[in-house]
Amino acid sequence: MAFSAVSSKLGLLGQTTKLCTTMSKCKYSDYAQFSKILAESKNIIALTGAGVSAESGIPVFRGPGGFWRTHRATDLATPQAFRANPALVWEFYHYRRTVAFNCQPNPAHIALAELEKNCSANGKTLHVITQNVDGLHIVAGSQNVLELHGSLRKVICTKCKHIDVNIDQPICKALEGRGDPNLKDANLPIIPNEELPKCKKCNSLVRPYIVWFGENLDAKVLHKAKELVENCDLCMVIGTSSVVYPAAMFAPLVAERGKPVAEFNLNQEPASNDFSFHFCGPCGETLPKALQVN
Ligand code: BV8
Ligand code: ZN
C-alpha cells in the first residue's frame with residue numbers, strides 16, 4: 001500500500017501521518033542533542049514494532065506485507081479465526097515461522113543489543129519492549145526483552161495450557177510445503193485437526209503462543225511494561241505505527257511525564273506529534289547513528 005494510501009487511511013482516523021520526504025525536512029532530528037540526552041539517561045526503554053524487523057526481510061503488519069493470500073494478517077490473528085479454521089491459521093503461522101526463522105537481525109537490532117551492553121557496564125539499564133513475535137531482538141543478543149505479543153518460537157496447549165519452545169520447521173508433517181502466500185486457499189486440501197500440532201503433555205491441539213486481537217496480554221508482562229514506562233527517563237519508539245493498544249499508549253505516557261521520547265520511523269506517525277525527537281528513515285541506518293554504536 002503506497003504511503004499516500006496509508007496516510008489517507010490514517011487521515012480517516014482524524015489524524016495524519018506527516019510524510020518525511022527528505023531527512024532535512026524532519027523536525028527534531030538533532031542527533032547531537034539526542035546523544036547528549038542519551039548520555040544523561042539512566043533507565044532507557046525501546047518500544048519496537050514490525051518496522052524494526054523490516055530490513056531483516058520480515059513484512060510489516062500494515063504495509064503491503066500485511067496480507068497473506070486474500071487475508072489481512074489482522075483477520076487471521078484472532079481467537080475467532082483459530083476456532084473457525086485452525087488449519088488455515090496454522091498455515092499462516094507456519095509461513096510466518098518460516099520467514100522469521102530464516103531472517104537475521106539487522107543493524108537496528110544489533111545497535112540495541114550493543115546499547116544494552118554499554119548501559120549495564122555503566123550502571124544503567126535498557127529494556128526492549130517489543131510488539132514483534134519474530135524473536136530477532138533475542139537473536140541479536142538483547143537480554144532485557146519483553147515480548148508483549150508472545151513469540152513465534154513458542155506454542156501453548158489449547159487444553160492444559162502447557163507452554164513449549166518449539167522451532168521445528170515444519171512444526172508438524174501436515175504443514176510441510178504449506179503456507180505459500182501466493183497460493184489460493186480453495187485449491188488446497190484442508191488439513192484435518194488431528195494432523196495439526198499437538199501438546200507434548202496431553203496430546204491436545206496447540207496454538208501459537210501469540211496474543212491475538214481481542215485477547216488480553218499476559219498480566220505479568222503488562223505489569224512489567226507499565227513499570228518500565230513509569231520509571232524510564234528516555235523512551236525510543238522504533239518502527240511502529242502505534243495503532244495497537246495497549247502498546248500504543250506507552251510512549252505518549254512517557255511524553256506526558258515530560259520525559260524525552262524519540263521516534264525512529266520512515267514517517268511521522270500521528271502519535272508522535274508531541275515527541276521530542278523524530279528521526280526519519282530506515283531505522284537500520286538512523287538507530288546505529290543515533291546510538292553511535294556502529
Ligand atoms: C487487549 C500478534 C484487552 C499477532 C499482535 C483501545 C482502543 C482501541 C482498540 C483497542 C483498545 N484496547 C484494545 C483494543 C483492541 C486491539 C487493538 O488495539 N486494535 C487496534 C487495531 C485498534 N487490541 C487488542 O486486542 C490487544 N488486547 O488490549 O486486551 C482488550 C481486548 C478487547 C477489547 C478491549 C480491550 C491485543 C493486541 C495484540 C494483537 N497482536 N501481534 C501476530 O503478530 O501474528 S499486534 C500486531 O500489530 C503485531 O504485533 C505488530 O507488531 C503490531 C503493531 O503493528 P506495528 O508493529 O506498528 O506494525 P505496522 O505494520 O502497523 O507498522 C509498521 C511501522 O514501521 C510503520 O510505522 C512504518 O512506517 C514503520 N517502518 C516500516 N519499515 C521501517 C519502519 N520504520 C523504520 N525503519 C524501517 N525500515
Ligand atoms: Zn496439553
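**View 1. The zinc ion (ligand 2) sits in a tetrahedral site, with angles of 100 to 119° among its four donor atoms.** Four donors count as tetrahedral if all angles lie between 85 and 135 degrees. This is a predicted model, where local features need pLDDT of at least 70, side-chain atom pairs need 80 or more, and totals for chains, interfaces and linings use all residues. Residues are numbered from 1 along each chain as its sequence is written, chains are lettered from A and ligands numbered from 1 in the order written, and side-chain values use heavy atoms, without hydrogens and water.

**View 2. Four cysteine SG atoms hold the donor positions: Cys157, Cys160, Cys199 and Cys202, at 2.2 to 2.3 Å from the zinc ion (ligand 2).** Donors are N, O and S atoms within 2.8 Å of the metal (3.2 Å for Na, K and Ca). Their sequence spacing is C-x2-C-x38-C-x2-C. Cys160 lies in the S6–S7 loop and Cys202 in the S7–S8 loop, so the pair ties together parts 42 residues apart in sequence. Cys160 is partly exposed at 37% relative accessible area; Cys202 is partly exposed at 31%. Partly exposed lies between buried (under 20%) and exposed (over 50%), with a 1.4 Å probe and protein chains only.

**View 3. Three strands form an open antiparallel sheet, ordered S7-S6-S8.** Strands are DSSP E runs of at least two residues; two pair if DSSP finds at least two bridges between them. S7 (163-165) and S8 (206-210) are edge strands, each with a single partner, so one side of each lacks a neighbour in the sheet. S6 (residues 150-157) and S8 share five bridges. Cys157 has Val206 of S8 as its bridge partner.

Definitions and conventions
Helices (H or I, at least four residues) and strands (E, at least two) are DSSP runs, numbered from the N terminus. Four donors count as tetrahedral if all angles lie between 85 and 135 degrees; four count as square planar and six as octahedral if opposite donors are over 155 degrees apart and all others between 65 and 115; anything else is irregular.
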